[in-house]
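Q: I would like to learn how to read the features of a structure one at a time. Please give the general idea, and then the case at hand.

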Amino acid sequence: MEDRRSSFRIWADWPVRIITSQESMEGEVKNVSSTGVFIQCEKPLNTEEKCLLIMELPKSRLAEIDAETVWSTASGSGGENK
């Protein structure tokens with residue numbers, strides 16, 4: 001299957017804390033590009049929901065990023081979401 005994305009993606013396995021106005025949850029960054037981040041987390045966020053991402057990057061570096069949910073879906077079994 002051909003990947004139609006225009007931006008190069010870096011595959012990752014970085015822990016992330018997602019903080020919204022309603023809650024905070026843990027997740028994992030799966031890939032990063034110049035246009036976005038794919039995060040696997042406990043439950044889907046609402047589209048256009050603003051949040052703060054606190055990512056643990058390699059070499060124990062932290063990055064705090066203001067973000068907005070563009071696309072969200074529940075998938076997998078056992079409550080696994082993307």
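Q: How is accessibility classed, and is E26 buried, partly exposed or exposed?

A: A residue counts as buried under 20% relative accessible area, as exposed over 50%, and as partly exposed in between, with a 1.4 Å probe and protein chains only. E26 has a relative accessible area of 38% and is therefore partly exposed, and R17, at 34%, is partly exposed as well. Please keep in mind that this is a predicted model, in which local features need pLDDT of at least 70 and side-chain atom pairs count only at pLDDT 80 or more, whereas totals for chains, interfaces and linings use all residues. Residues are numbered from 1 along each chain as its sequence is written, and side-chain values use heavy atoms, with hydrogens and water left out.

Q: What do R17 and E26 form with each other?

A: Side chains of opposite charge can pair when their charged atoms come close. The criterion for a salt bridge is a side-chain nitrogen of Lys or Arg within 4 Å of a carboxyl oxygen of Asp or Glu. R17 and E26 form such a bridge, with their closest N and O atoms 2.2 Å apart.

Q: How many salt bridges does a search of the whole structure find, and which parts does the pair of K43 and E23 tie together?

A: The search finds five salt bridges. In one of them, the side chains of K43 and E23 meet at 3.1 Å, taken from N to O. K43 lies in the loop between β3 and β4 (50–57), and E23 in the loop between β1 (10–19) and β2, so this pair ties together parts that are 20 residues apart in sequence. K43 is partly exposed at 38% relative accessibility, and E23 is partly exposed at 30%. Another salt bridge joins E28 to K30, whose closest N and O atoms are 2.7 Å apart; E28 is partly exposed, at 27% relative accessibility. Through salt bridges that share partners, D13, E28 and K30 are joined into one network.

Q: How are the strands read, and in what order do they lie in the sheet?

A: Helices (H or I, at least four residues) and strands (E, at least two) are DSSP runs numbered from the N terminus, and two strands pair if DSSP finds at least two bridges between them. The chain has zero helices and five strands. These five strands form an open sheet in the order β3-β2-β1-β4-β5, with antiparallel pairing. Its edge strands are β3 and β5 (61–68), each of which pairs on one side only. Neighbouring strands of the sheet are turned by 35° against each other on average, direction ignored; the axes behind this angle are lines fitted to C-alpha atoms (for helices over the stretch in contact), and angles run from 0 to 180 degrees between N-to-C directions.

Q: How is a contact defined, and which residues does T20 touch beyond its sequence neighbours?

A: Contact means heavy atoms within 4.5 Å. T20, in the loop between β1 and β2, is buried, with a relative accessible area of 10%. Leaving aside neighbours within four places in sequence, T20 is in contact with L45, E49, K50 and C51. The C-alpha atoms of T20 and K50 are separated by 6.5 Å, although these residues are 30 apart along the chain.

Q: What is the mean pLDDT of the chain, and where is the pLDDT below 50?

A: The pLDDT is the predictor's confidence in each residue, from 0 to 100. Its mean over the chain is 86, and 84% of the residues reach 70 or more. Over residues 77–82 the pLDDT is below 50, and this stretch has 18 contacts in the model beyond near neighbours in sequence. Where pLDDT is low, the predicted coordinates should not be read in detail.
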